Structures are given as C-alpha cells and as structure tokens.
Amino acid sequence: MSTYNFDYLDELEAEAIHILREVAGQFEKPALLFSGGKDSITLVRLAEKAFRPGKFPFPLVHIDTGHNFEETITYRDQMVERIGEKLIIGSVQESIDQGKVVEQTGKNASRNALQTVTLLDTIAKYQFDACIGGARRDEEKARAKERIFSVRDEFGQWDPKRQRPELWNIYNGKIHKGENIRVFPISNWTELDVWNYIRREKIDLPSIYFSHERDCITRNGQLMAASPFLNMDDEDVVERKQVRFRTVGDMSCTAAVESDATLIDDIISEISASKISERGARLDDKVSEAAMEDRKKGGYF
Amino acid sequence: MNILKFFTAGSVDDGKSTLIGRLLYDTDSILADQLEALQSSNRKNDDGTIDLAILTDGLRAEREQGITIDVAYKYFQTEKRKFIIADTPGHIQYTRNMVTGASTANLAIILIDARNGVVEQTIRHSYIVSLLGIKHVVVCINKMDMVDYSETIYSSIIEKYKILAQQLKLADITYIPVSALKGDNVAQTSENMDWYEGESLLHFLEKVDTDSLDKSQLARMPVQWVVRPQTEELHDYRGYAGRVLSGTFNLNDKVTVLPSGASSTVEKIEFFDQALDAAHAGQSVIIHLKDDVDISRGDSIVNASALPQESKLIEADLCWMDTRALDTSIMYNIQHNSKITKCKISEILHKVDINTLEKHAAEEFKLNDIGRVIVKTADALAFDLYDDNRANGSAILVDPRTNLTVGALMFRAAVE
C-alpha cells in the first residue's frame, strides 16, 4: 500500500468538495454566493477542485451593496474572467431605486441590513433552491449551531429550533417549493485554516487584505476607511494609517486593523497572535448578544 | 497535524459546558472580544469568576434557560492537533441531539459527577456511545474538587463503570479525574491529585491514535456526480466524482459497480490537476474506469473482491428524531450516502430502555426512542454492517410529508 499523509487541510478540503458535489447532485438550481471575501474565494477554489475539468453546475451570485471596496470589484471581474463561469449580480442600489428598501440615515448608516432584501429577491428571481455560502461555525456562536445544509422558509427565515439533525456525512437536501437551502461547505474551518489553505494553494486575494496606507476615521473604537459611503461630519478626524482588512464586507461596516502584514506569512503570524476575533471587526455583530441569530432568522447569509 | 473529532456526553449538572469552556480557555482559544462579551454577561459562578459554560451556549433560548439544546460545534487547535468538538445536551429529551453529535465523532468524553458516581444518565450516554460505535472513550470523573480529590471515591466509580463498559462492549476506555471548574487535569496535570499517574485530558486528546489510514479492504466510493465536460478536446471524458468512504482504490484494481454488478478496472484517478496512484478513505477524487459502463449518481464503485451486502430487507437500529411518531403504514425515503430510495419500517423488533438497557416489545416509536427494526427498501441497498464500516453502514430516514430527517439507522444484518 502506498503511504499517504492526509493533513488536516486535506481533510477539510475533501469534506468541502464532498458537500459541493452533494449540492450539484441534489439540487436543480443552485448558486454560489460570492462576496469577494477570502471565504468565498476559497469556495471558488474548492468548486474548481470538485468539478474541473467540467463547468461549475452553478453560477456565482454577488449581492452588490454599491458600497464596495474598489479592489474587491476589480478582483471579482478578473477572477470571473479567469475561471470562465457565469456571474449574476444582485444590486442593493436597484432595490433602493425600486423602493423595496429605504436607505438608512444617521451617522452609523450602513447598507449591510438592506442586502438581505436584495439577496431574497435575487433568490426568488432566479428560483435558486440552494445557495452556497462561505460562513464558518467558528465565526459566531449562533453560527456554531447551524447545519451544513440549513433550510430557509419561503421568507428566507432560519428557524434554529426546527433544524434537521445532520448525521454522519449524509446531507438531507429535500425541500418544499418556495423553500431553499443555504449550504456551508467550510463550516468546520477556522479563520486560520482558511489562511493556511490560501497560503498552501497560493490563492490570489484582493489587495485590501494586505497592509496598505489609507485615510481612516475612528468610529466606536474601530478604524473605518474614510469613504463617501460613510456619513462623516466635523467630529470625524481623518488620519493616514497603515492598515489591512480581516473581512471584506460593505465599506460602511467593515473595520480595518492597523497592520504591517504585507505577506500571507505575516498575516498568519498576526492572526495566530491576535486576541480579537475576526467578527470583532464587524460593527454589525455588536448590536446585541443575539445580533447574528436575529439577522440569520431574517434571511441573512 | 490531523483532526480529532470528539463529542461530549454529560448534563449541565456534570459541568460539561464548563469542561469545554475550560479546554478552550486553557488552550488560549478564547479571544479578547469574546472574553469581553463573557465578562459583561450577567452569569457568573458563585465565586464571581467567569462562567465558562456561556461559551458554548449559542442560541438565545439556551442562554435564557442556561442549558444546551442543540449541537454546537467548537474548534480549537494546539501545536499537535486540530480539534472539533460536538457539544450536545445530555438530558433524555435531547437524545437525538446526542446521537447526531456522536455520529461524526471518533472519540467520546463521558462525564461523571464524582459526588454521584455512575447514575442513570451515565448508562444512557454510554449506551449511545456504544450504539454509534465510537472507538475511543474517555471517562472524566469531574468535580473532584468537591470530593476532596479523593482517590478512593475515584477508584470506586471506575470499578462500577467497568461493569457497565463490559456490558456495552466498550473497548478502549481511559479514565481521568478532573475538575473542569478549577482546571485540574484538564490542560495540565494537577498537583491536587498526586495519586493520579496518567496524563491530563488535553495531552491524551493530543496523542490518541485516530488511525486516519483505513486499512480495510472495503474500498467503497458512492458516485456523487458524473463529470462530463463535453468540450471538443475532452469529448470522451467521463469521470466519476465521489469521496472514498473506506479502504483504498489503486490503479488497475478490479472493481464492481453496484447495483448493476458490472465489472471494470480503475484506469485513472484524478484530483484536480494531479493524477494519483491511489485514492484512500476520506479523499474526494474522480475515478475513471477502463470499460464503458452506465453509472449515475447513487451508484457505488466497490472493491470486486470484497463486495458489500445487497438487500431490500435490512435489520437495523433506529433512533427516532421527530416529534411525529413513526408510522409503519407509510413510506419514508431512506438516504444511504448518495442513494435515495423509498422504504417502510416493516417491523419493530424491540425497543431499548436506554436508562436500564432493558429490551422490550413495542408497538410505537416516538421522539428519542431507540430500538431494532426491519427496514424494507424499494431498491436494494449495497451496504456494510455498521460495526464493520460505519460510513457504509448508516442511513437516514426522511419523511416525505415534511422533508424532515426523522430517523437515524445503523445496519446490523441483512435479512435472509
């Protein structure tokens, strides 16, 4: 028998590929939710490993808040070009223009909450029955309890009390008409696992993950990128800082960290030594102890 | 570095969540902002220290009631290993959650309160560990600080447990006296128990053999997806994508395709841009066969010289997971890896009282009930017995009316 070394990253990778292929086999109209962040970029690599040399059995879907980091959009378009797969864009601006959602006002206004409506509309428009996402259980305590195949009702809602038991490696994808399933192939990965995988696979990332100079202001103790999307006033002092981002979301709710990490190795040592969790840099989670649980119940990713 | 998946059985009162919290805390797996959230929470221990149990109580209802309702997955890592914990509730009304958590674990931690010793729930938790065929068992005698770290008490509990272990045929058992609250023997060996010569729990978890290389001859790969690019240059490309459940496939191995029974040979094994000589248990690959055989999702590629059993009538242990009781008059869907077919539960052989391990005849099967049944399937399943090959010996039942997963099945025998 040949010897082989099945590393923990190999095991996580094999599990994720198995889950992606289950999606392909069990659903009529799946989609991969692509945010431009490192987790969904990792999903794209895993999909290549699951389906190449064939095409992906699903399009990529980007819910675009219109408040993006420019670098993310550039990256997205180049990546789609490289892999030759279909991209569908759901626009929050369109939802606003159609009067389906109302832009928040005030100093802490963000489009983060609005994207749930656009997401649900996009799912309905294309009749997606399964949406693959890059959420991980280590991110947040409500997520720690979510299934890999997680059922959403017709209104996009997650009901934590009615979750299906998920046994062995068997995923029940049966749903009623109108329902859909959110699928999380990297549920069992941690932030560090994702970074180690990106390093091992030499995956290219948007430049904002690495240290760069940027104009920032401090809000609620967090560094925010100064941008036209942030309602700034005289109290806000713009400072030039050496920063990077640990997650990539809407510009109005994603905080930067001061960092000199220019290489993946630097980032990995920085995270290993860090005492702040990744979602600690997300203002959207700070609203209450059950903030994520409430948003997930409402249809959030 | 590899992964150890373990599950913890115990109740709130045994200090299960505290033990997990302690493992996370002592391995520096709790980050500053999470700690801050903990400190600002109202729940504190009697002595004012942080209640580590809050770390694993994820949902609002759980925090309100101070109990774990669902299965929560937690992650931590040391220099030696990555750990995945399935934290499940221990009360009898959450038996199904325990079964769920246990199904993916290769090690179980059973918690016993040193003040109470082996009690009803110890029997229940140990039974589930034996039912789900978990290979390694660690029995943690917890709250040793409350019995003055007494060796006598510890030893008498072990003696009682050994009798239960024998009855349940649990093989590989390790006993560790701990105090999750104080940290004794959790990450470090304790100075309070000089008489204990073993390792701390964490050290044991770091080195226990997980035997990731499956040496069995039972090479099995359910086909999940057929890769057919149908492009000009890959006109004839036809690859069978799946995850090897068990055993190993080598190039030129003779294989059988089930259910058709067609024979062929492994021509090529691919993993993305690599060509492999072999595919081992756990790997997700693409296999090509020499012959042009008709294969689709739900079929299995298996070792031709170690075939699985094939039957439409299977004796199995069933754990019922739905609030609506089993209905022997209706058809359910059975999902066995990538294969889905209709089935009926044609007979209930017995039910097990999991607090006493007594078997008794039963007419009905309700939420959390466990027992032996006969499953009659529309299409034959190609399966192994659960004890021989967990991955190919298990299945779930899905209620076609609700689409809920209502039962967990462990195959015990093909009915002649």
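Across the interface of chain A and chain B, three salt bridges are found. The model is predicted. In the whole structure, over all chains, there are 42 salt bridges.

**Contacts between chain A and chain B**

- One salt bridge joins the side chains of A:E15 and B:K5, with an N to O distance of 3.8 Å.
- Between chain A and chain B, 20 residue pairs are in polar contact, counting pairs with both residues at pLDDT 80 or more.
- On the side of chain A that touches chain B, at least two residues come from each of the helices α1 (8-26), α2 (38-51), α6 (191-201) and α8 (291-297) of chain A.
- Helix α1(A) gives the most to this side of chain A, with 13 residues.
- By residue type, the side of chain A that touches chain B has 25 nonpolar, 15 polar and 24 charged residues.

**Extent of the interface**

- In total, 64 residues of chain A are in contact with 75 residues of chain B.
- The size of an interface is often given as the accessible area lost when the parts come together.
- For chain A and chain B, the buried area is about 6,200 Å².
- Carbon and sulfur atoms give 57% of the area buried between chain A and chain B.

**A salt bridge within chain A**

- The side chains of A:D39 and A:R136 form a salt bridge, at 2.9 Å from N to O.
- A:D39 is in helix α2 of chain A, while A:R136 is in the loop between β4 (130-132) and β5 (149-152) of chain A, so the pair ties together parts that lie 97 residues apart in sequence.

**The sheet in chain B**

- Chain B has an open sheet of six strands, in the order β2-β3-β1-β4-β5-β6, with mixed pairing.
- Its edge strands are β2 (72-77) and β6 (172-177) of chain B, and each of these pairs on one side only.
- On average, neighbouring strands of this sheet are turned by 25 degrees against each other, direction ignored.
- Strands β4 (residues 107-113) and β5 (residues 136-142) of chain B run parallel and are joined by seven bridges.
- B:D113 has B:N142 in β5(B) as its bridge partner.
- Helix α5 (residues 120-131) of chain B packs on the sheet, where it touches β1 (2-9), β4 and β5 of chain B.
- The direction of helix α5 of chain B makes about 175 degrees with that of β4(B).

Technical notes
Residues numbered from 1 in each chain as written. Chains lettered and ligands numbered in written order. Predicted model: local features only at pLDDT ≥ 70, side-chain atom pairs only at ≥ 80, totals over all residues. Heavy atoms only, no water. Pairing = 2+ DSSP bridges. Helix = DSSP H or I, 4+ residues; strand = E, 2+ residues; numbered from the N terminus. Axes fitted to C-alpha atoms, helices over the stretch in contact; angles between N-to-C directions. Contact = heavy atoms within 4.5 Å. Buried area = accessible area lost by both parts, 1.4 Å probe. Salt bridge = Lys/Arg side-chain N within 4 Å of Asp/Glu carboxyl O. Polar contact = N/O pair within 3.5 Å; in protein donor to acceptor, adjacent residues only side chain to side chain. Nonpolar A, V, L, I, M, F, W, Y, C, P; charged D, E, K, R; others polar.
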